[in-house]
Amino acid sequence: MQNDQEHSHAKARQAVIDILDYLGEDTSRQGLQETPERFLKSMVAQTVGYSQDPYRVLEKFFEEVAGYKNLIMLQNIHFESMCEHHLAPIVGNATVGYIPNGRVVGLSKLARVVDIFAKRLQIQERLTSQIGLALDEVLLPKGVGVIIRAKHNCLCTRGAYKPNANMTTTYFSGVLDTDSVKRGEFYTAAALPWGNGVHHSQ
Ligand SMILES: [Zn+2]
């Protein structure tokens with residue numbers, strides 16, 4: 001097993017060297033000596049979500065909610081992901097909310113779930129659905145809403161070169177899908193200022 005891992009690591013390292021060589025680099029120059037190792041380490045960090053289970057994170061829910069039955073929302077959850085088509089960064093914010101049906105989770109769990117799915121090779125559409133489905137399947141709530149807005153480096157810094165373009169994707173289920181009033185409440189709450197509540201007048 002150890003040998004397999006070492007062999008696979010050596011192959012991956014060589015692959016990075018081959019790509020640098022393909023790009024016309026002198027792979028023996030000093031500045032590139034540590035680059036293959038750094039690149040592999042960085043890729044492992046960007047995909048660490050494959051070894052983490054978002055369902056286990058959500059399974060620690062509370063049932064004593066004192067009858068609370070309205071929207072619970074965490075706004076502006078920063079995340080960094082990587083597009084599976086170009087291996088380019090996707091950087092954005094997620095707003096995640098649900099209307100509970102007796103089960104609630106700690107707020108940090110919502111942020112963790114976003115991170116676990118983000119730290120995989122992704123497309124934004126799938127990232128959005130995976131977060132929503134995980135909440136639906138574990139919390140069995142009355143409805144789930146997810147809004148993600150992100151910048152894709154593969155669009156901003158190459159290809160179509162649209163540096164200011166943001167992509168928005170949504171997931172709605174249950175009453176947030178079927179009841180347009182409830183969905184409107186979700187959008188209104190999602191659009192509320194999310195800072196520390198202190199307004200600085202000019
Ligand atoms: Zn891409």
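Let's start with arginine 13, which counts as partly exposed because its relative accessibility is 29% (buried means under 20% relative accessible area, exposed over 50%, and partly exposed in between, using a 1.4 Å probe and protein chains only). You're looking at a predicted model, where local features need pLDDT of at least 70, side-chain atom pairs count only at pLDDT 80 or more, and totals for chains, interfaces and linings use all residues. Residues are numbered from 1 along each chain as its sequence is written, and side-chain values use heavy atoms, with hydrogens and water left out.

**Salt bridges**

- A salt bridge here is a side-chain nitrogen of Lys or Arg within 4 Å of a carboxyl oxygen of Asp or Glu, and that rule gives a count of four.
- Arginine 13 has one with glutamate 37, at 3.0 Å from N to O. This pair ties together distant parts of the chain, as arginine 13 sits in helix 1 (residues 2-22) and glutamate 37 in helix 2 (residues 35-46), 24 residues apart.
- Helices (H or I, at least four residues) and strands (E, at least two) are DSSP runs, by the way, numbered from the N terminus.
- Glutamate 37 is partly exposed, with a relative accessible area of 28%.
- Arginine 29 and glutamate 25 also meet through their side chains, again in a salt bridge of 3.0 Å, N to O. Arginine 29 is partly exposed at 38% relative accessibility, and glutamate 25 is partly exposed at 29%.
- Then there's lysine 119 with glutamate 80, a salt bridge of 3.9 Å, N to O. It links distant parts of the chain: lysine 119 is in the loop between helix 4 (107-118) and strand 5, while glutamate 80 is in strand 2, 39 residues away.
- Is lysine 119 buried or exposed? Lysine 119 counts as buried, because its relative accessibility is 17%. Glutamate 80, at 36%, is partly exposed.

**Strands**

- Two strands pair if DSSP finds at least two bridges between them.
- Strand 2 (residues 72-83) and strand 3 (residues 89-99) run antiparallel and are joined by nine bridges. Within that pairing, histidine 78 has asparagine 93 of strand 3 as its bridge partner.
- The hairpin of strand 2 and strand 3 has five residues between the strands, and leucine 87 there takes a positive phi near 55 degrees.
- Strand 2 also pairs with strand 5 (residues 121-122), in the parallel sense, over two bridges. Methionine 82 stands opposite leucine 121 in strand 5.

**The zinc site**

- Which residues are the protein donors of the zinc ion? They're Cys83 (SG), His86 (ND1) and Cys154 (SG), lying 2.2 Å from the ion.
- Donors are N, O and S atoms within 2.8 Å of the metal (3.2 Å for Na, K and Ca), and water is not among the atoms, so sites may look incomplete.
- Along the chain, the zinc donors follow the spacing C-x2-H-x67-C. Histidine 86, in the loop between strand 2 and strand 3, and cysteine 154, in helix 6 (residues 153-156), are 68 residues apart, so the pair links distant parts of the chain.- Histidine 86 is partly exposed at 39% relative accessibility, whereas cysteine 154 is buried at 13%.

**Helix crossing**

- The axes of helix 4 and helix 5 (residues 124-139) come within 10 Å and cross at roughly 140 degrees. That makes helix 4 oblique to helix 5.
- Axes are lines fitted to C-alpha atoms, for helices over the stretch in contact, with angles from 0 to 180 degrees between N-to-C directions. Angles under 35 degrees count as roughly parallel, over 145 as roughly antiparallel, 65 to 115 as roughly perpendicular, and the rest as oblique.
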